[in-house]
Structure formats: structure tokens, C-alpha cells
Amino acid sequence: MFGNFDFEIIERTWPYLFYVGMAFTIKLTIVAMLGGIMAGTLLAMGRLSHLRVISILAGGYVNLIRSVPLVLVIFWFYFLVPYIGAWLIGSHEPIKVGDYTSALVTFILFEAAYYCEIMRAGIQSVSRGQVYAAYALGMNYWQMMGQVVLPQAFRNMIPLLLTQTIVLFQDVSLVYVLSLTDFVGAADKVAHRDGRLTEMYLFVALVYFVICFTLSTIVKRLQMRVAIVR
Amino acid sequence: MIELKNVSKWYGSFQVLDDCSTSVQRGEVVVVCGPSGSGKSTLIKTVNGLEPFQKGEIWVDGISVGAKGTDLPRLRARVGMVFQHFELFPHLSVSQNLNLGQIKVLGRSREEATQKGLLYLDRVGLAAHRDKFPGELSGGQQQRVAIARALAMDPIAMLFDEPTSALDPEMINEVLDVMVQLAREGMTMMVVTHEMGFAKKVAHRVVFMDKGVIVEDCEKEEFFGAPRSERAHAFLSKILTH
């Protein structure tokens, strides 16, 4: 069955696949994860806020983003970000946003909605008594959150945050719609050039499987270890 | 020092506090007791504004707790509080627990905070445990750390919300000993507790609550000698039979 297959293409092109394609995928994943967790944490605090306007706005945003496909959001932001940017700085012309920046903003804003729900569960996993204790020491809201609640929430949620990041790692392949060259995009290019689509796609699938499976296994191990001793 | 005037509080349509008035003078120890669900924990949490109330006034050292413009964090920093479930911060070591409020709220330097913290840890007999995490300590030890954490803020008064009711019996005394010592040093204390031995030993006054109402508010001798209300009689006879 593999008689006509020629896996030599991988041997020839792997530096390009990994140093260009995979490097881009990993970079976008990490930056989007950091930005997404930060934005998601703020959104979670917003959703749990006693100020109704804030909690309704944050909730609306999260529910909207979570109910549309990522590809659609990528298109939206790709076409909208130049205009929003122009509006923000008061310019009449749409500003020039590179494809990479556009993709990055999109992923941060999109993943923030998912990280938000994880952080919300994390914040709610910290007992009310901890909040009382922080306030009783004279802390204000931001100190209470920053010093007492978020460190515990974050720690409780590390496994879920990482699981979401694995999903993000896979989702990054959707940047092909913006003609950016991630791992899949790089593989796709050389595969078309050399007419070796099947071999290349098999290889790409294998790489994704190995990375994601390894990470999931690590997350599972971590899950048992991070639980805080009370 | 602490004065409550006609305080009422509702959860929805359910009234948890009904026209409660009492006071704690400087250097006075007031024990608040009563059956569970009588509103005593809620009452003590209104004193430093952890629980809002809808009617009445609460004054702490001349500052109105319920007033709109009151800087609650600043007021709370001056009133120590100890909780039923200790509420040490589990992600921080014992000495970090003692430092946090001192550094972030009072603006003390790390050295000063650590020194002060160690002083109070030593007072509760736990200086040797300063690098441990709360999860590594027994309940009684955790509660003593919690008391030290509150004292390190140099409070003008201390609030205790059932400090011994989550403890195993053999650990109750080590916590009560610290509290007795504190009371004898003249600390202003408001203590919600079922420990009538503690009340007899150091309390000046006893407040008895039932169903959100302050039923008795009198000198200790009077309360244990001849309480006027039937409900206080019934409560005491249940609690003091053993």
C-alpha cells in the first residue's frame, strides 16, 4: 500500500518545516496563551463583579465569542482590526496591521473567552472565607484578588489552562486562511510543490499527535500534584 | 470603642439581625453567645463591614462603618479578625502569611514585618514553624498563627468569630490560652463563642442572642448567676450540664 509513497520529502524539508513552520506555531501559541490568560482573568473578574454593567458586558462578550467558529472570528478581526485601530487613534485611513499582529490579536481575544471560563471556575473554587480574611486584613479588591484569590485560583486551574492551551496549539493551524505559514502551512507548501500531499499530511498528523499526547500526559500527572494541601 | 445602634440586616426577606444594640468599651472583653443560627457570626462580621447591614449604625473608634465615604480597608486594617476556619492563606508560608498584610496594607518593610511577625509567632509559641505551610500545621496551630497574623497588624480591637468551634477538643485549650493571655493584657475583644469557661474566666460582659435578637446584654456575673430571659436559661442549662 505504501509502495508509491516517498517519505524522502520529509528528510529534505524538515529544517523548513520545523524552524519556520513549527517555530511560528509555537511562538503564536505561547504569546496567545499569555495574552489570553491575562485577558481571560480580567474577563472572569468582570463576570463575577458586583457591578451589573461590568458583569453583563463581560458575560455578553464571552458568550458571543464562544458561540461563533474560530475561522469566522479570524476573518472578522482581520478585516476589522485596521478600522478599530484607526478609530482608536483618530485616523481617517484604516491603519496597517500586519498579518501576524492581526492573527495574534484574534487569538488572544478568542482564547480569552475560554480562559475566562476556566479562571472563573478557579476564582469560585477559592472559599469565601479567604476573601473575608484578605479584606479583614485591610486589603482592597485588587490586593485581595492579586495576593490571595488569583494565586490559588491559578494554581487550582493549571491543568485546565494547559489543556486549553493544547487546543489553542491545534487551532493555530487555522492561520492558513490569512496565508500565514505555520507548521501545517509550511508542510502544505512543500507538499504541493513536490506533489507529495499524502506523505506530508501523514507526517504532520503524527507530529501533532506526538506533541499533544505528550503534553496531555504531562497535564494528567500535574493534575494529581498541584492540588493544594489544606 | 465599638458601638452598635439598632442594627438590622435582611437576606432578601429573611431578617437575620433585628434591631441589635450593644457596645464594647476600650479594654473590655465581650462574649457573644447563643444557639446556632441566631445571627451572632453575622453580627460580628458587620462590625468591620465584612457583612453589610441595612438599618442602624455601627461606630468603631469614632468611625461610622456603614457610612458611604468610610475607607473600609483602612478601618479593617486596624481591627483584627480571627475566623472559625482559620483562613490562613494556603499558598503562603506561615511567615509570609504574617507579612502580607503588614507589607501590602501597612507599608512596612520586609525586615520590619518579619521581625514583628516573629515576635508574635513566638508569643503564640510557633516561631519554630515559621517556614512551614498552613497545610502542615494542626488546626490549633493554624488558629494560633491566625491570631498572630491579626496581632501583627497592631489592631486597636480584636474580633473572634467562633475561633474554637472547628477544632478537635484536644486543641481548643491551646487557642483559648492565647486568648486569655490577650484578654488579661487589656486587649479590646469581641468574641463569638460557645466556650462558657472562657467567658467565665475573662469576659466582662455577655451578650446572648437568639433568632437575630439580642436577648441579654449584661455583666458576666449576672448572666451566669441569674439570666432574666427564659431562652438564656434554656441555653445555659443545655450547654453547662457537662
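Guide: A residue counts as buried when its relative accessible area is under 20%, as exposed when that area is over 50%, and as partly exposed in between. The structure above is a predicted model. With these limits in mind, we may begin with strand β3 (residues 29–33) of chain B.

Visitor: What makes β3 of chain B a strand largely enclosed by the rest of the structure?

Guide: The count of buried residues decides the matter: five of the five residues of β3 in chain B are buried, and therefore the strand is largely enclosed by the rest of the structure. B:V29, B:V31 and B:C33 point one way from the strand, B:V30 and B:V32 point the other way, and all are buried. In a regular strand, side chains alternate between the two faces of the sheet.

Visitor: How do you know which strands pair with β3 of chain B?

Guide: Two strands are said to pair if at least two bridges are found between them. Four bridges join β3(B) to strand β8 (residues 189–192) of chain B, and these two run parallel. Four bridges also join β3(B) to strand β9 (residues 205–210) of chain B, again in parallel. Each of these values meets the requirement of at least two, and therefore both count as pairings. As examples of the partners, B:V29 is bridged to B:M189 in β8(B), while B:V30 is bridged to B:R205 in β9(B).

Visitor: Why are β2 and β5 of chain B called edge strands?

Guide: Four strands of chain B form an open sheet in the order β2-β1-β4-β5, with antiparallel pairing. The strands β2 (14–24) and β5 (63–64) each pair on one side only, and they are the edge strands. Strand β1 (residues 2–11) of chain B pairs with β2(B) over seven bridges in the antiparallel sense. Within that sheet, B:E3 stands opposite B:S23 in β2(B).

Visitor: Why is B:S95 called buried?

Guide: B:S95 has 18% relative accessibility, which is under the limit of 20%, and therefore it counts as buried. This residue is found in helix α3 (residues 94–104) of chain B. Apart from its neighbours within four places in sequence, B:S95 is in contact with B:R130 and B:D131.

Visitor: What makes α3 of chain B a mostly covered helix?

Guide: Nine of the 11 residues of α3(B) are buried, including B:V94, B:L98, B:L100 and B:I103. The elements that cover these buried residues include α6 of chain A, together with α4 (110–123) and α5 (139–151) of chain B.

Visitor: Why is A:E199 placed among the buried residues?

Guide: A:E199 has a relative accessible area of 3%, and since the limit is 20%, A:E199 is buried. A:E199 lies in helix α8 (residues 197–226) of chain A. Beyond its neighbours within four places in sequence, it is in contact with A:N4, A:F5, A:D6, A:F7 and A:I10.

Visitor: Why is B:D154 called partly exposed, and why is B:E162 called buried?

Guide: B:D154 has a relative accessible area of 34%, a value between 20% and 50%, and is therefore partly exposed. B:E162 has 12%, which is under 20%, and is therefore buried. B:D154 belongs to the loop between α5 and β7 (157–161) of chain B, and B:E162 to the loop between β7 and α6 (169–184) of chain B. Neither is a glycine, yet phi is positive in both: about 55 degrees for B:D154 and near 45 degrees for B:E162.

Visitor: How do you know what area is buried between chain A and chain B?

Guide: The size of an interface is often given as the accessible area lost when the parts come together. Between chain A and chain B that area is about 1900 Å², of which carbon and sulfur atoms give 66%. A:Y132, A:A136 and A:L137 supply 34% of the area that chain A buries against chain B, more than any other three residues. In terms of contacts, 20 residues of chain A touch 21 residues of chain B, where contact means heavy atoms within 4.5 Å.

Visitor: Which elements line the largest pocket, and how does its lining divide by residue kind?

Guide: The largest pocket holds about 570 Å³ of space. It is lined by 19 residues, of which A:H50, A:R128, A:V131, A:Y135 and A:M144 are the closest to its centre. The elements that give two or more residues to the lining are α4 (99–125), α5 (128–136) and α6 (141–171) of chain A, together with α2 (72–77) of chain B. The lining divides into 13 nonpolar, four polar and two charged residues.

Key
Residues are numbered from 1 along each chain as its sequence is written. Chains are lettered from A and ligands numbered from 1 in the order in which they are written. This is a predicted model: local features need pLDDT of at least 70, side-chain atom pairs count only at pLDDT 80 or more; totals for chains, interfaces and linings use all residues. Side-chain values use heavy atoms; hydrogens and water are left out. On a 1 Å grid over the protein atoms alone, a cavity is a set of points where a 1.4 Å probe fits but cannot get out, and a pocket is an open set with protein on both sides within 12 Å along at least five of seven lines; lining residues have an atom within 4 Å of a point. Grid points are joined across faces, edges and corners, and a volume is the space filled by probe spheres set on the points. Ala, Val, Leu, Ile, Met, Phe, Trp, Tyr, Cys and Pro count as nonpolar, Asp, Glu, Lys and Arg as charged, and the others, Gly among them, as polar. Buried means under 20% relative accessible area, exposed over 50%, partly exposed in between (1.4 Å probe, protein chains only). Buried area is the accessible area (1.4 Å probe) that two parts lose on being put together, summed over both.
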